Amino acid sequence: MGSAPKLIITDQDLGMKVVVERVLVDTRQRWWMWHIMFKVVEKLPKNLLGNEDLKKKLNNCVWSELIEPEEFDEEWNKVMEKYGLKDNEWFSSMFASRKFWVPAFFRDFPMSSLIKTTSISESQNIFFKRYSKSRSNLVEFLMNYNNALDGQRSNNNRLEYLDFNTIPTLKTNSALEKHASTIYSDSGFKLIQSEIEEAVENVTMVIVSIFGENEIYAVNDKFSKNWTVSYSTSFDSYACSCKMFGRIGLAVHCGFDDDIETFIVVDETKQEYRDMHGDFYGIARLFEGDGDKI
């Protein structure tokens, strides 16, 4: 491809770990989180299997994308000590390898919250397995492959029709929510709508400061955590101390409601094209992969 990937997701295969470190020297390796957390049930002592409090505390510690590595270490050790797991060999090995799979150690990597598993490739594998068999000859394979593509295109056509003929129901007065309803697919909008609704209800802006060409917004959430969002007027860009987003994500997580349009950059040309040429836009989307759009 001409250049090494910035991040690669694998399982815990040690051979793969060695190869990545030797060959892709500038690539960060991340282990498939779902696979690790799935093993927890197998590794827990039998007397802790039904402990919902342990499950909640461990998930809050491991899956959180808002804590720093030091905070993770502290919370993990509290859980291990409280439930007598400090001497558990598997949990100890997972802690020793935490930089390969815990979200707290990927906070410095852009968009890392979207890249935790190999679910995209796995979903494609599962999809094509419905149409193919391992013993198929070449002719049968090609016929099954074409049937699979026809199925994807048909499903995508159905979703495109729903997108262009469904009017989303707004749950807040946020201008961001209204704007998002015009650019996201129906399923994608429902996902981000819940985040917008939560932000509006639980996050407040505390203070606004201006330093040269930067506008600094201090915000507070329901957990009494403080976050700082900075807006550069010269570069028209945003950054948040939570490191989970930039630009339009500002309003999603920080819940601004007043004058939100100040913070939204709308690609009017793209929106006009979509409004005027919806049918052609839908056809083009047929070739973008699986029909279940995000």
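Contact, as I use it here, means heavy atoms within 4.5 Å. Helices (H or I, at least four residues) and strands (E, at least two) are DSSP runs, numbered from the N terminus.

**Ground rules.** I am working on a predicted model, where local features need pLDDT of at least 70, side-chain atom pairs count only at pLDDT 80 or more, and totals for chains, interfaces and linings use all residues. Residues are numbered from 1 along each chain as its sequence is written, and side-chain values use heavy atoms, with hydrogens and water left out.

**Entry 1, helix H2.** I started with H2, residues 33–43, and looked up which residues are buried (under 20% relative accessible area; exposed is over 50%, partly exposed in between; 1.4 Å probe, protein chains only). Met33, Ile36, Met37 and Val40 came up as buried. They sit on the same side of H2, because they cover an arc of only 95° around the axis; that arc is taken from the directions from the helix axis to the C-beta atoms. I remind myself that an α-helix has 3.6 residues a turn, so residues three or four places apart point the same way. Val41 and Glu42, on the other side of H2, are exposed. What covers the buried residues of H2? I noted strand E2 (28–31), helix H3 (52–63) and helix H5 (89–96) among what covers them.

Next came nonpolar cores, meaning sets of buried Ala, Val, Leu, Ile, Met, Phe, Trp, Tyr and Cys residues joined through side-chain atoms within 4.5 Å. The largest has 30 residues, and those touching the most other members are Leu58, Val62, Phe72, Trp76, Phe91 and Trp101. At least two residues of this core come from each of H2, H3, helix H4 (69–82) and H5. I picked Val62 and left aside neighbours within four places in sequence: Val62 is in contact with Met33, Met37, Phe72, Trp76, Trp101, Val102 and Pro103. Another core lies apart from the largest one; it has 9 residues, including Trp227, Val229, Cys240 and Cys242.

I found Ser64 in the loop between H3 and H4. Ser64 counts as buried, at 19% relative accessibility. Not counting residues up to four places away in sequence, Ser64 touches Asn59, Pro103 and Ala104.

**Entry 4, the sheet.** I then traced an open sheet of 4 strands, in the order E3-E4-E5-E6, with antiparallel pairing; two strands pair if DSSP finds at least two bridges between them. Strand E3 (204–211) and strand E6 (237–240) are the edge strands, each pairing on one side only. Neighbouring strands are turned by 20° against each other on average, direction ignored. For that angle, axes are lines fitted to C-alpha atoms (for helices over the stretch in contact), and angles run from 0 to 180 degrees between N-to-C directions.

E3 and strand E4 (residues 214–220) pair over 7 bridges, and I see Thr204 opposite Asn220 in E4. The two strands form a hairpin with 2 residues between them, and Gly212 in the turn has a positive phi of about 65°. Tyr217 is found in E4 and is buried, with a relative accessible area of 6%. Its C-alpha atom is separated by 5.7 Å from that of Thr228, 11 residues apart along the chain. Strand E5 (residues 226–232) and E6 pair over 4 bridges, with Val229 opposite Cys240 in E6.

How many disulfides (cysteine sulfur atoms within 2.5 Å) does the structure hold? I get 0 disulfides. Cys61 is buried at 4% relative accessible area, and Cys240 counts as buried at 10%.

Note on methods: A disulfide is a pair of cysteine sulfur atoms within 2.5 Å.
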